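These are my notebook entries on a single structure.

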Amino acid sequence: MTFSWRTLIIGLLLVALVAVCRVAYFYHDKYAAADSLATERQQTIDDMQVRQRDVAALDAKYTKELADAQATIDQLHDDVASGKRRLQLHATCTKQSTSGAAGMDDAASPGLTDSAERDYFTLRSRIELAGKQIAGLQQYITEQCQN
């Protein structure tokens, strides 16, 4: 038996080849896991961006509706203040007294005091605000939270 350098070199090359294959397989698994994680994270980011756009559109819609409602209320207030429109009340006035002299006390139409009129517009504005907020939240829950 003679010592053959050629056999030794081929044997060492085969051992090196096996080692390189095992290292490549190990890092291939690591790369596949990292690639899968990166893809999953990108999908999450894309989904969040879509949801943010949807929420921004929803917010813009209800903000515009609320601004339009407030403009309508302000216009009504200005019209009432200028006399173009009047608030209609469903009220009855009782006569002061039937035994006194005939007068014009009961000839005036019923009306709101200044503070009651201000309170009416404040209340109307707050009702509109609450209604728009509730509608917006309900739509947000339906579109974003239940998906």
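This is a predicted model: local features need pLDDT of at least 70, side-chain atom pairs count only at pLDDT 80 or more; totals for chains, interfaces and linings use all residues.

I began with the accessibility classes: buried means under 20% relative accessible area, exposed over 50%, and partly exposed in between (1.4 Å probe, protein chains only).

Residues are numbered from 1 along each chain as its sequence is written, and side-chain values use heavy atoms, with hydrogens and water left out.

**Entry 1. Overall composition**

I took helices (H or I, at least four residues) and strands (E, at least two) as DSSP runs, numbered from the N terminus. On that basis I found two helices and zero strands in the chain. Of the 147 residues in the chain, 8% are buried.

I then looked up contacts, meaning heavy atoms within 4.5 Å. Among contacts between residues at least 6 apart in sequence, 75% join residues at least 24 apart.

**Entry 2. The two helices**

I compared each helix with its expected span, which is 1.5 Å times one less than its number of residues. Helix α1 has 78 residues and should span 116 Å; its end C-alpha atoms are 112 Å apart, which agrees. Helix α2 has 32 residues and reaches 45 Å from its first C-alpha to its last, close to the expected 46 Å. Just after α1, I recorded a positive phi of about 95 degrees at G83.

Which residues of α1 are buried? I listed L58, Y62, A69, I73, L76, D79 and V80. Their cover includes α2. In α2 the buried residues are F121, S125, G136, Q139 and Q144, and they pack against α1.

**Entry 3. S125**

I looked up S125 in helix α2 (residues 114-145). The residue is buried because its relative accessible area is 19%. Leaving aside neighbours within four places in sequence, I found S125 in contact with Q70 and I73. The side chains of S125 and Q70 are also joined by a polar contact of 2.7 Å. A polar contact is a pair of N or O atoms within 3.5 Å; within protein, one must be able to donate a hydrogen and the other to accept it, and residues adjacent in sequence count only if both atoms are side-chain atoms.

**Entry 4. Salt bridges**

Side chains of opposite charge can pair when their charged atoms come close. I defined a salt bridge as a side-chain nitrogen of Lys or Arg within 4 Å of a carboxyl oxygen of Asp or Glu. How many salt bridges does a search of the whole structure find? The search finds four, and I followed up several of them.

I classed D68 as partly exposed because its relative accessibility is 37%, and K64 as exposed at 52%.

The side chains of K132 and E65 meet in a salt bridge of 3.3 Å, N to O. K132 lies in helix α2 and E65 in helix α1, so this pair ties together parts that are 67 residues apart in sequence. E65 counts as partly exposed at 28% relative accessibility.

K132 also forms a salt bridge with E128, their closest N and O atoms being 3.9 Å apart. The two are separated by about one helical turn because they are four residues apart in helix α2. E128 counts as partly exposed at 29% relative accessibility. Salt bridges that share partners join E65, E128 and K132 into one network.

**Entry 5. Aromatic pairs**

I paired rings of Phe, Tyr and Trp (its six-membered ring) if their centres lie within 6.5 Å; planes under 30 degrees apart count as stacked, over 60 as edge-to-face and the rest as tilted. A search of the whole structure finds two such pairs. F26 and Y27 are edge-to-face, 5.1 Å centre to centre with 75 degrees between the planes. F26 is partly exposed at 43% relative accessible area, whereas Y27 is exposed at 53%.

Y120 and F121 also form an edge-to-face pair, at 5.1 Å centre to centre and 75 degrees between the planes. Y120 counts as partly exposed at 32% relative accessibility, whereas F121 is buried at 6%.
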